[in-house]
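Dear colleague,

Please find below the structure for your review. My notes on its salt bridges and nonpolar cores follow.

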Amino acid sequence: MTGYVFLCYALEGEDLGALRERLELITLGARDAGLRTYAHIRDEQHWRIGDVAIEQILKVAFERIAGADAVLLDLTTSAGSRRVGLNIEAGYAKALEKPILALWHESDRPTMTTALADHEVSYRCNDDLRPATRRLLSQVKAQSPTRI
């Protein structure tokens with residue numbers, strides 16, 4: 001596998017430690033499914049919140065989405081589905097006909113953004129997040145041998 005899955009998530013209003021733990025578990029689940037991930041906060045900002053302009057973040061995000069095999073939306077917490085940037089990224093991925101995957105905590109099921117998703121899964125606790133991600137990505141991988 002030479003491609004990767006682009007991770008979308010809410011940063012604004014999110015506890016950075018909780019987000020980091022979730023993205024690391026998602027990445028482990030993707031690795032279990034034989035896939036790599038890209039997350040801007042990890043790969044470009046090295047887990048630091050900085051003074052990066054939204055225009056710059058979106059420019060890089062669009063480039064990365066264009067090269068990705070799929071886009072995974074972390075919709076955990078109510079902030080996830082309402083984040084403007086996340087919805088812009090999801091819409092861009094949809095326009096490029098990228099598979100869109102949605103993942104959220106059972107207590108946080110969003111309604112609007114999941115309508116964009118081709119596949120979705122929830123999890124009960126962080127211990128379930130890695131296997132839920134693996135199942136989600138393995139299912140998509142099995143269904144589409146030319147993508148992911």
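**Salt bridges**

R20 and E24 form a salt bridge, their closest N and O atoms lying 3.0 Å apart; the term denotes a side-chain nitrogen of Lys or Arg within 4 Å of a carboxyl oxygen of Asp or Glu. Please note that this is a predicted model, in which local features need pLDDT of at least 70 and side-chain atom pairs count only at pLDDT 80 or more, while totals for chains, interfaces and linings use all residues. Residues are numbered from 1 along each chain as its sequence is written, and side-chain values use heavy atoms, with hydrogens and water left out.

Both R20 and E24 belong to helix α1, 4 residues apart, or about one turn of the helix. Helices (H or I, at least four residues) and strands (E, at least two) are DSSP runs, numbered from the N terminus. R20 is partly exposed, at a relative accessible area of 36%, and E24 is likewise partly exposed at 36%. Here buried means under 20% relative accessible area, exposed means over 50%, and partly exposed lies in between (1.4 Å probe, protein chains only).

The structure holds 9 salt bridges. Another of them joins the side chains of R134 and D32, at 3.2 Å from N to O. This pair links distant parts of the chain, since R134 sits in helix α6 and D32 in helix α1, 102 residues apart. R134 is partly exposed at 31%, as is D32 at 33%.

D43 and R42 also form a salt bridge, with 2.8 Å between the closest N and O atoms. D43 is partly exposed at 29%, whereas R42 counts as buried at 18%. Salt bridges with shared partners join D32, R130 and R134 into one network.

**Nonpolar cores**

A nonpolar core is a set of buried Ala, Val, Leu, Ile, Met, Phe, Trp, Tyr and Cys residues joined through side-chain atoms within 4.5 Å. The largest has 23 residues, of which L7, L23, I26, L72, L103 and L137 touch the most other members. At least two residues of this core come from each of β1 (4-8), α1 (16-32), β3 (70-74), β4 (100-105), β5 (119-123) and α6 (126-143). Helix α1 gives the most, with 5 residues. Apart from this core lies another, of 18 residues, including I65, L73, A90 and A102.

Leaving aside residues up to four places away in sequence, L103 touches several residues, among them I26, L72, V121 and L129; contact means heavy atoms within 4.5 Å.

With kind regards
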